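Visitor: I would like to learn how to read the features of a protein model, one at a time. Could you take me through this one slowly?

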Amino acid sequence: MSAPGTGSADSARPGHRLDPDGEGVEELGAAFARGDETAIAEAYRRWSALVHTVALRSLGSVTDAEDVTQQVFVEAWRSRQRFDPDKSRLPAWLLGITRHVVADTHEKRARDRRLRDKTVASTSDRPVPSVDARVVDRVVVADELDKLGDPQRTILRLAFFDDLTHDQIANRLDLPLGTVKSHVRRSLARLRTRWEVDGAVR
């Protein structure tokens, strides 16, 4: 039994070097290739931080690095039949997948950027629809007419919106022609005064 603090006999033996990938990497890789679910859990525990660091350095985004890390281990598990533990170590194989996923993320960013630029350019080049002045006039007139009392409001509505003549308005409302003309004249003068005060008339 080793003395406290001296480590194992292997580690104390001159020339012995610790495996940088950790102990039992070959066995873990073989278990992973067989589809042992405990192997993917152990691989994630050992090397998820490494994958995350590589992705973060390349992408500069914690969120994207987290997404890449998840994608790498999902993709690794789905394609475990292609992993040959006799040709590659599991952490090296995981880093190879990481490089591919990071490259795909950069390409997706570029596509999204091109799409945004194209959308912005399309929107900026689109002509602003012109506003029909007659529509604006009718809206303004309708709003002001609501502030008038009857019969002035009814008379002006018939004149503006139904395009009736003074004679036709007089006949429809059974009013003297002079009364209709007087109401129209006074109502228009009142509306014009109000518009000038509000700045609607230039």
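Visitor: How many aromatic pairs does the structure hold?

Guide: A pair of aromatic rings is described by the distance of the centres and the angle of the planes. Rings of Phe, Tyr and Trp (its six-membered ring) pair if their centres lie within 6.5 Å, and planes under 30 degrees apart count as stacked, over 60 as edge-to-face and the rest as tilted. The structure holds five such pairs, and one of them joins Phe32 and Phe83 edge-to-face, with 5.9 Å from centre to centre and 80° between the planes. Please keep in mind that this is a predicted model, in which local features need pLDDT of at least 70 and side-chain atom pairs count only at pLDDT 80 or more, while totals for chains, interfaces and linings use all residues. Residues are numbered from 1 along each chain as its sequence is written, and side-chain values use heavy atoms, with hydrogens and water left out.

Visitor: Where in the chain do Phe32 and Phe83 lie?

Guide: Helices (H or I, at least four residues) and strands (E, at least two) are DSSP runs, numbered from the N terminus. Phe32 belongs to helix 2 (residues 25-34), whereas Phe83 sits in the loop between helix 4 (62-78) and helix 5 (90-125), so that the pair links distant parts of the chain, 51 residues apart.

Visitor: Are Phe32 and Phe83 buried or exposed?

Guide: Buried means under 20% relative accessible area, exposed over 50%, and partly exposed in between (1.4 Å probe, protein chains only). By that rule both Phe32 and Phe83 are buried. Phe32 also forms an edge-to-face pair with Trp93, at 6.0 Å centre to centre and 65° between the planes. This pair, too, links distant parts of the chain, with Phe32 in helix 2 and Trp93 in helix 5, 61 residues apart. Ring pairs link Phe32, Trp77, Phe83 and Trp93 into a cluster.

Visitor: Which residue lies over the face of Trp77?

Guide: A charge sits over a ring if NZ of Lys or CZ of Arg is within 6 Å of the ring centre and within 35 degrees of the ring normal. Here Arg80 lies over the face of Trp77, at 4.1 Å from the ring centre.

Visitor: How do helix 3 and helix 4 cross?

Guide: Axes are lines fitted to C-alpha atoms, for helices over the stretch in contact, and angles run from 0 to 180 degrees between N-to-C directions. The axes of helix 3 (residues 37-59) and helix 4 come within 8 Å and cross at roughly 145°. Contact means heavy atoms within 4.5 Å, and the residues that meet include Trp47 and Val51 in helix 3, and Val72 and Trp77 in helix 4.

Visitor: What is the secondary structure of the protein as a whole?

Guide: The protein comes to nine helices and zero strands. Of its 202 residues, 25% count as buried.

Visitor: What is the phi of Asp174?

Guide: Most residues other than glycine have a negative phi, and most peptide bonds are trans. Asp174 has a phi near 55°, a positive value in a residue other than glycine. Asp174 is placed in the loop between helix 8 (166-173) and helix 9 (177-198).

Visitor: Why does Asp174 count as exposed?

Guide: Asp174 counts as exposed because its relative accessibility is 68%. Leu173, by comparison, is in helix 8 and is partly exposed, with a relative accessible area of 28%. Leu173 touches Thr154, Ile155 and Leu158, not counting residues up to four places away in sequence.
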